Amino acid sequence: MARTIAVGVQDFSKIMQDHCFYIDKTDFLKEWWENKDEVTLITRPRRFGKTLTMSMVEYFFSARHAGRSDLFENLNIWKEKAYRRLQGAYPVIFLSFAGVKASHYDEAYYDICRLISREYRRHVYLLDSHLFLQSDREMFERILNTDGNMGDVCVSINQLSEYLYHYYGKKAIILLDEYDTPMQEAYVSGYWDEMAQFIRKFMNLTFKTNLYLERGMMTGITRVSKESIFSDLNNLEVVSVTSKKYASAFGFTEQEVLCALHEYGLEGQMQEVKRWYDGFRFGDCCHIYNPWSVIKLLEEKEFAPYWANTSSNRLIGRLIQKSDVEIKLMVEKLLQGNAFFTQMDEEIIFSSLDYKKTALWSLLLASGYVKILQVVKNRKGKTEYLLSLTNREIVYIFDEMVTGWFSSSLQSYGDFSDALLAGDKDAMNGYLNDIALQTFSFFDTGVKSSRFKQPENFFHGFVLGLIADLRELYQVTSNRESGYGRYDVLLEPYHPQTDDGIILEFKVMEPESEDHLEDTVRAAIWQIIDKKYAAALEAKCSPDKIRIYGFAFKGKEVLIDGGYLSQVQQ
């Protein structure tokens, strides 16, 4: 009889006691312990079993759960007799920053204070120990009651480790789940410097200068740079998605998926499961399946993009929104099923996210949206990665996210593409001018406060975002050769019998040679005609089914003009 599916349950004890569906990952306990790394940071995409793994580690090692051999007796780790004596053998401190998602620093700081207070409450039995001095009791109670003193908070886990050492006679194992959530939220919400300063000191006292630390483990989605928060942690072993360590410990292997499908009578669906949920690669394991989606499939018995969006996408969304035309075109390329080579650094340096183009691809890889197909050395000897979207589920989810590039700032961003389809120049002009004041600053890169080296690129990328929802009707290309030059944007209809082909050209007004925006927009239109950009469309569309538009910009003022090529040429 198939076991009960418990979707979203992250407590190891509850899953085992209720005999719920569980794929045995206890080999991780042996592998981690034998590696003997003092502090381990493991990065994996969201909902890949990080929290459940941390819960498993706690139940196995924690002295508070001594005698819970019943949880492990039928699992792989219990076959290792030498490891049976480690069950319940160490004091364990377990924190999760997964819920620290605040829009202001003070709120985030007090969320962390409350989490630490809650962990102290789990160990309140220490107050009954005769080993406690009065000063120890006073500090314990200050942290327990969350008075928010930063000195106490930063040293709190270090201090709790010492208390536990004196009580148990053993150093503590410290687990910190979703360590990077406060970092991402701080960056997106604008309080990065304050949060980084606090976290840096907290991490140093917890994992570096802690004399009572046996082992430490952190999990997260991203690998935040050492310079940002780990500057003093030279004892840190980073296990990213490209590392060979623990490659099969998170997510489901192909064999594990086959066994699960057999248990639930879905063994004939393996090829479709592969198409939807396979494609993740960790270290040398090339076929890792999304565990959340596979479990949902076992429950629902139908294929769907179950890997729902979470706030972890806010950072990716921000980078896409503010990216230049080159990045947006690469995103379009991914959505069209293509792959491309790029350089990439798995380490995330938040201070460079606004201008370092490779940061987006690093985040997409860490988050599971893209996979590495190939690794090569370019002519300069630098490593390049061939990236594509991970699987069919990711195409669905990523498409939804990209189509919402502008939804956070524009309630009706589809109005522009509707006006473009209808050829309604008045609506196009009205829409862009109405939103220019409130929106152009939102998409500013922050590098030169809207003073762009090539302003056309900014407007080009901006309009590409506005027409993202036309992807089902048009193949959107940009900066391609046609005629005697390179057009800015070309929309080639999939159904030329009913839909028009469209060419867009962007120009920023040059005051030295142009007196009015009307001069600039005429120059843009003439460039389309003179350079014969329509040549790329004429093989598919009749001349009276091709429309051309010039976009002229002066600061935040916009003018759009044009129409059918056959009429404009006259």
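Trainee: Which two strands form a hairpin with two residues between them?
Mentor: In this predicted model, strand 19 and strand 20 form that hairpin, and G555 in its turn has a positive phi of about 60°.

Trainee: How many bridges join strand 19 to strand 20?
Mentor: Eight bridges join strand 19, which covers residues 546-554, to strand 20, which covers residues 557-564, and the two strands run antiparallel.

Trainee: What holds strands of a sheet together in general?
Mentor: Strands of a sheet pair through backbone hydrogen bonds, and the pairing can be either parallel or antiparallel.

Trainee: Let's go to the open sheet of three strands; what is its order?
Mentor: The order is 7-9-8, with antiparallel pairing. Strand 7 (252-253) and strand 8 (280-282) each have a single partner strand and stand at the edges, so one side of each lacks a neighbour in the sheet.

Trainee: And how many bridges are there between strand 8 and strand 9?
Mentor: Strand 8 pairs with strand 9, residues 285-289, over two bridges in the antiparallel sense, and F282 stands opposite C285 of strand 9.

Trainee: Which helix packs on that sheet?
Mentor: That is helix 12, residues 270-277, which touches strand 8 and strand 9 and whose direction makes about 100° with that of strand 9.

Trainee: New topic: how do helix 6 and helix 7 cross?
Mentor: The axes of helix 6 (residues 134-144) and helix 7 (residues 150-168) come within 11 Å and cross at roughly 125°, and the two helices are therefore oblique to each other. Helix 6 passes helix 7 in a left-handed crossing.

Trainee: Which residues make the contact?
Mentor: Helix 6 contributes D136, M139, F140, R142 and I143, while helix 7 contributes D152, V155, S156, Q159, L160 and Y163. Sorted by kind, the residues of this contact are six nonpolar, two polar and three charged.

Trainee: Where is E178 found, and is it buried or exposed?
Mentor: E178 is found in the loop between strand 3 (172-177) and helix 8 (181-189), and it is buried, with a relative accessible area of 12%.

Trainee: What about the place of Y246?
Mentor: Y246 is in the loop between strand 6 (236-239) and strand 7, and Y246 is buried, with a relative accessible area of 1%.

Methods
Residues are numbered from 1 along each chain as its sequence is written. This is a predicted model: local features need pLDDT of at least 70, side-chain atom pairs count only at pLDDT 80 or more; totals for chains, interfaces and linings use all residues. Side-chain values use heavy atoms; hydrogens and water are left out. Axes are lines fitted to C-alpha atoms, for helices over the stretch in contact, and angles run from 0 to 180 degrees between N-to-C directions. Helices (H or I, at least four residues) and strands (E, at least two) are DSSP runs, numbered from the N terminus. Angles under 35 degrees count as roughly parallel, over 145 as roughly antiparallel, 65 to 115 as roughly perpendicular and the rest as oblique. A crossing is left-handed if the near helix is turned anticlockwise from the far one by less than a right angle, and right-handed if clockwise. Contact means heavy atoms within 4.5 Å. Ala, Val, Leu, Ile, Met, Phe, Trp, Tyr, Cys and Pro count as nonpolar, Asp, Glu, Lys and Arg as charged, and the others, Gly among them, as polar. Two strands pair if DSSP finds at least two bridges between them. Buried means under 20% relative accessible area, exposed over 50%, partly exposed in between (1.4 Å probe, protein chains only).
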